[in-house]
Amino acid sequence: MSRRFEEHPFLVEVGDLRRNPGTRRRIQLAGRLSGLAVSGSAVPDDAPVSLEALLESVHDGILVSGTVRARWRGSCRRCLKDAEGDLEVAVRELCVEHGDEETTYALTGDQLDLEPIVHDACILDLPLAPLCSQECLGLCPECGADRNLEPCACAPATDQRWAGLALLTGGDAEGSPGELRRKDGGR
Ligand SMILES: [Zn+2]
Ligand SMILES: [Zn+2]
């Protein structure tokens with residue numbers, strides 16, 4: 001395998017497909033990519049990203065349909081502890097030579113680099129506000145205690161300051177205004 005292919009794990013040779021419109025080929029690739037990060041989470045540089053796809057030769061290029069998978073890590077937006085999960089993104093993209101960059105991906109001769117497709121799929125699916133679990137109780141906005149570990153003595157539901165704020169913002173004065181509103185309002 002040439003050096004070019006080793007450095008580009010998602011580069012595939014598609015000369016056979018291009019010369020035979022209507023044919024298809026299944027591929028399974030995996031590699032490491034850098035720069036897969038959004039504000040709340042990332043696929044670590046040393047974590048593998050995989051692509052399982054069907055390449056189909058269509059008259060003006062190659063149609064790629066498949067699934068991108070990776071493991072992401074981040075910090076929980078409620079309790080700030082480590083959070084992680086799996087990305088599984090369905091892709092269906094057309095790769096053509098001299099195509100519209102907004103709607104298609106580039107194809108250069110007999111070589112097709114699927115890295116931009118894998119990259120974009122990960123970026124679009126990475127969680128901006130990850131949670132360690134859907135049930136995470138978060139940190140107490142009053143004392144900062146991790147409410148997943150133990151209940152603290154604070155009672156936000158009866159805190160008059162926040163009850164007033166809830167009325168002003170049209171919220172439910174009976175319930176707790178909650179940490180989310182407080183955090184968002186403090187921005
Ligand atoms: Zn959490
Ligand atoms: Zn507290």
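Me: Which residue in S5 is the bridge partner of Ala-42?
Reply: In this predicted model, Ala-42 has Arg-73 of S5 as its bridge partner. Ala-42 belongs to strand S3, residues 41-42, and S3 is joined to S5, residues 61-75, by two bridges. S3 and S5 run antiparallel.

Me: What does Arg-73 pair with in S6?
Reply: Glu-84 is the bridge partner of Arg-73 in S6.

Me: How many residues sit between the strands in the hairpin of S5 and S6?
Reply: Six residues lie between them, and in this hairpin Leu-80 takes a positive phi near 70°.

Me: What about S6 and S7, parallel or antiparallel?
Reply: S6 and S7 pair in the parallel sense, over two bridges, and S7 is residues 105-106. Cys-95 stands opposite Tyr-105 in S7.

Me: Changing topic. Where is Ala-90?
Reply: Ala-90 is in strand S6. Gly-66 is 24 residues away from Ala-90 in sequence, yet the two are 5.8 Å apart in space, C-alpha to C-alpha.

Me: Is Ala-90 buried or exposed?
Reply: Ala-90 counts as exposed, because it has 10 C-beta neighbours inside 10 Å. The cut-off for exposed is 12 or fewer.

Me: OK, helices now. Which residues of H3 are buried?
Reply: Helix H3 covers residues 115-125, and its buried residues are Ile-117, Val-118, Ala-121 and Cys-122.

Me: Why do they line one face of the helix?
Reply: Seen down the axis of H3, the buried residues fall within an arc of 125°, so they line one face. As a general point, an α-helix has 3.6 residues a turn, so residues three or four places apart point the same way.

Me: What covers the buried residues of H3?
Reply: The cover includes strands S4, S5, S6 and S7.

Me: Zooming out, how many helices and strands are there in the protein?
Reply: The protein has five helices and eight strands. Along the sequence, the pattern reads α-β-α-β-β-β-β-β-β-β-α-α-α.

Me: How much of the protein is buried?
Reply: Of its 187 residues, 21% are buried. As for contacts, take those between residues at least 6 apart in sequence: 55% of them join residues at least 24 apart.

Me: Last one. What is the mean pLDDT?
Reply: The mean pLDDT is 86, and 79% of the residues reach 70 or more. Over residues 171-187 the pLDDT is below 50, and this stretch has 16 contacts in the model beyond near neighbours in sequence. Where pLDDT is low, the predicted coordinates should not be read in detail.

Note on methods: Residues are numbered from 1 along each chain as its sequence is written. Chains are lettered from A and ligands numbered from 1 in the order in which they are written. This is a predicted model: local features need pLDDT of at least 70, side-chain atom pairs count only at pLDDT 80 or more; totals for chains, interfaces and linings use all residues. Two strands pair if DSSP finds at least two bridges between them. Helices (H or I, at least four residues) and strands (E, at least two) are DSSP runs, numbered from the N terminus. pLDDT is the predictor's confidence in each residue, from 0 to 100. Two residues are in contact if their C-beta atoms, placed from the backbone, lie within 7 Å. A residue is buried if 20 or more other C-beta atoms lie within 10 Å of its own, exposed if 12 or fewer, and partly exposed in between; C-beta atoms are placed from the backbone. The arc is that of the directions from the helix axis to the C-beta atoms.
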